[in-house]
Amino acid sequence: LDALAYEAAQETAAALGRIGGKLEAALEALRRHDATENPNQDRDELVQDAADAAWILFIQRDYLGLRTDHHLLNTYDIPKDVMARVGVIVRKRNKN
């Protein structure tokens, strides 16, 4: 039973790492956009992508009983405009 619990804990940690990596990638895309003089992507879409990734991380942590998320704002350096959209559902428009 201890081996099974250990394996489950490893998978949980790996899953949180993958989710955190997606948030980091979304935030990096937003930072690159902001640093680009003539960006070719919609900033609102990038902000929403980052907010969605943050929301997924928060929900997953809450499900696992990790209820304190306030330190994640500093850990991931989540901008206020991203946090303002966490939990907001936006219907994706068809670009065709």
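Here is a quick briefing on the fold of this chain and on one of its helices, α2.

This is a predicted model, where local features need pLDDT of at least 70, side-chain atom pairs count only at pLDDT 80 or more, and totals for chains, interfaces and linings use all residues. Residues are numbered from 1 along each chain as its sequence is written, and side-chain values use heavy atoms, with hydrogens and water left out.

**Overall fold**
- The protein chain has four helices and zero strands (DSSP runs, H or I of at least four residues for helices and E of at least two for strands, numbered from the N terminus).
- Its C-alpha trace spans about 55 × 30 × 20 Å along the principal axes.
- Of the 96 residues, 26% count as buried, meaning under 20% relative accessible area with a 1.4 Å probe, protein chains only.

**Helix α2**
- Helix α2 has 21 residues and reaches 30 Å from first C-alpha to last, close to the 30 Å expected (1.5 Å times one less than its number of residues).
- Its buried residues include Leu-46, Val-47, Leu-57 and Phe-58.
- Among the elements covering them are α1 (2–35), α3 (70–75) and α4 (80–83).
- Just after α2, Gly-65 takes a positive phi of about 90°.

**Gln-48**
- Gln-48 sits in α2, which runs over residues 43–63.
- Gln-48 counts as buried because its relative accessibility is 6%.
- Leaving aside neighbours within four places in sequence, Gln-48 is in contact with Arg-85, Val-88 and Val-90 (contact means heavy atoms within 4.5 Å).

Terms used: Buried < 20%, exposed > 50% of the residue type's maximum accessible area, 1.4 Å probe, protein only.
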